[in-house]
Amino acid sequence: MEEVPHDCPGVDSAQAGRGASCQGCPNQRLCASGAGATPDPAIEEIKEKMKTVKHKILVLSGKGGVGKSTFSAHLAHGLAEDENTQVHQSGSGWSPVYVEDNLGVMSVGFLLSSPDDAVIWRGPKKNGMIKQFLRDVDWGEVDYLIVDTPPGTSDEHLSVVQYLAAARIDGAVLITTPQEVSLQDVRKEINFCRKVKLPVIGVVENMSGFICPKCKKESQIFPPTTGGAELMCQDLEVPLLGRVPLDPLIGKNCDKGQSFFMDAPDSPATLAYRSIIQRIQEFCDLRQSKEENLINS
């Protein structure tokens, strides 16, 4: 994982990539290229393109293997169940692949000739693809755009934040598992969000115990030896959105490309997901309401 320097000046600073603390940072070149330079015209193009998307949410994790992509998929499925979400149609640009009438997906995997192909790209190539996904995909009139990011804090994260800055990002949802090795990286991720002025919607503790479907007894597969996400959130003053327990059906449904919520509507994991999704919706609605009040005042 690429760590943000403790005294990072921030991507919006004139010293971005040029300060003493930037020496040795893996993102130094990217930050320096934007500091004091002519703004990338794609930023305004993306701002215009994103006018039809009400809410933009980034899903982050400090390390891999914590279930970030699984959570992103279920968050999208859960939000798509909201009857207020509009059905959108393609008019121009790249068309997303539609899983449901009101749930579209865009992935670099769709652009490969074979699902077994490896994506071996340097930073500029990856950043260019991010730009295309935001600027050239015809998302249409949608309520939520969920961006599933790679683990850590890298060029891709800076690119997404910079490209979407003018279009307004609602915030980031951070995914962790209960053990300390995961929490350490999430602390760095929260520090990254604060440096780049990305609001933290909250933290989700994934794989938070296992509830036996027969005896209903709970076991801790990943023991929270240092207090888990709850104590970390208290220390860092960020919301804990909830805990999602392990459920074998989640993996089975992901393999099938189906929504877990339909097969197990009363599962503890489903109930946890729905509570978390409701809190995310409330955060986005409240943030939008505050901004509208400021504009009208």
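I take two rings of Phe, Tyr or Trp as a pair if their centres lie within 6.5 Å. The model I am looking at is predicted.

**Aromatic pairs**

I looked up the ring pairs first. By this rule I get four aromatic pairs. One of them is Phe261 with Tyr273: I find the ring centres 5.6 Å apart and the planes at 65°, which is over 60, so I note the pair as edge-to-face. Phe261 belongs to helix 9 (residues 260-263) and Tyr273 to helix 10 (residues 268-296), so this pair ties together parts that are twelve residues apart in sequence.

Which residues do the ring pairs link into a cluster? I find Phe71, Phe260, Phe261 and Tyr273.

Next I checked burial. Phe261 has a relative accessible area of 1% and is buried. Tyr273 is buried too, at 1% relative accessibility.

**Charges over rings**

I then looked for charges over rings. Arg274 lies over the face of Phe261, 4.8 Å from the ring centre. I also have the charged end of Lys125 over the ring of Trp121, at 5.4 Å from its centre.

**Helix 4 and helix 5**

My last stop was a helix pair. Helix 4 (residues 123-135) packs against helix 5 (residues 155-164) at an angle of about 35°, and their axes are 10 Å apart. I note the crossing as right-handed.

Who meets whom here? From helix 4 I list Gly123, Lys126, Asn127, Ile130, Lys131 and Leu134; from helix 5, Asp155, Glu156, Ser159, Val160, Tyr163 and Leu164. I sort the residues of this contact into five nonpolar, three polar and four charged.

Terms used:
Residues are numbered from 1 along each chain as its sequence is written. This is a predicted model: local features need pLDDT of at least 70, side-chain atom pairs count only at pLDDT 80 or more; totals for chains, interfaces and linings use all residues. Side-chain values use heavy atoms; hydrogens and water are left out. Rings of Phe, Tyr and Trp (its six-membered ring) pair if their centres lie within 6.5 Å; planes under 30 degrees apart count as stacked, over 60 as edge-to-face and the rest as tilted. Helices (H or I, at least four residues) and strands (E, at least two) are DSSP runs, numbered from the N terminus. Buried means under 20% relative accessible area, exposed over 50%, partly exposed in between (1.4 Å probe, protein chains only). A charge sits over a ring if NZ of Lys or CZ of Arg is within 6 Å of the ring centre and within 35 degrees of the ring normal. Axes are lines fitted to C-alpha atoms, for helices over the stretch in contact, and angles run from 0 to 180 degrees between N-to-C directions. A crossing is left-handed if the near helix is turned anticlockwise from the far one by less than a right angle, and right-handed if clockwise. Contact means heavy atoms within 4.5 Å. Ala, Val, Leu, Ile, Met, Phe, Trp, Tyr, Cys and Pro count as nonpolar, Asp, Glu, Lys and Arg as charged, and the others, Gly among them, as polar.
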